[in-house]
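Hi everyone, thanks for coming.

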Amino acid sequence: MSSRRSSRLRQSGSSRISDDQIADLVTKLQHLIPELRRRRSDKVSASKVLQETCNYIRNLHREVNDLSDRLSELLASTDDNSAEAAIIRSLLNY
Amino acid sequence: MQPTSTMNEEFLKKWQMGLQMFRPSIDNASVSERKRAIKLSADVAMASLRKGTTCWSRALIQKTATEDNFLVRQMLSGIKEETLINKKLPKVMCHRKIVRRSKKILMRRKSRSAMEEVAAKAKKLVKRKTQGLRNVVPGGEFMSNNVLLIQETLDYIVSLQTQVNVMRSIVDAAEAGIER
């Protein structure tokens, strides 16, 4: 019994330290995400911040994917319009 | 905490280097093969900025290596292979089940006030959201605690923003050039 109680206390002590750390980190996340930075209020809940973070990261993934597609198609224009291809290739040091 | 111009430059250089490796084949390749080359080089370039110091960058490099080992080796020829591997085994899931079970037993014996109920619910919600984050950040399964998870997430986001900014600048400039 006593060992369980003391382990419970130990657990809650260490989680108190990391709760503060987590709160600090969540605030940093809030400032990084455009959706939340606009709101400016400090009253956003941790779970909301985490949810928006997930959404934001997924959006960034999607954007990288889309940009890769566009770039791939731009590089396709080699035969006609060699001027355009030259522009892209110089931008990419290609 | 924002992408710096140094990060932008380093990313661009690395990415260009990666694209050079596809040089002979890329001209005759299909659109999808070209896209794959572009994306893989961009990912390795982004991850290499961290030089093996973050969990997400190691995981991303490992993942890309399974798709194109040669590319990764060429782009990262300066870095030791050992520093790039996430050594921690994914024990997170097993541990959490045990913790959850013992917490359930402990909770049953406590009588909880309304405030404690609310706090417990909030904690559950946060746990679900952190799991979502683990699914979306590379190497999330290796991040054994939430503090590490969020630290890695912060760094990963800044790196992603770098990647997106540079890629977007190039695409916009190229498309603007064409419209003229």
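So, how many disulfides does the structure hold over all chains? It holds 0, where a disulfide is a pair of cysteine sulfur atoms within 2.5 Å. Take Cys54(A): the nearest cysteine sulfur belongs to Cys55(B), and that is 16 Å away. Cys54(A) counts as buried, at 3% relative accessibility (buried is under 20% relative accessible area, exposed over 50%, partly exposed in between, with a 1.4 Å probe and protein chains only). Cys55(B) is buried too, at 6%.

Quick housekeeping: this is a predicted model, where local features need pLDDT of at least 70 and side-chain atom pairs count only at pLDDT 80 or more, while totals for chains, interfaces and linings use all residues. Residues are numbered from 1 along each chain as its sequence is written, chains are lettered from A and ligands numbered from 1 in the order in which they are written, and side-chain values use heavy atoms, with hydrogens and water left out.

Now helix α1 of chain B, residues 5-21; helices here are DSSP runs (H or I, at least four residues), numbered from the N terminus. Its buried residues include Met7(B), Phe11(B) and Trp15(B).

Key. Helices (H or I, at least four residues) and strands (E, at least two) are DSSP runs, numbered from the N terminus. The expected span of a helix is 1.5 Å times one less than its number of residues.
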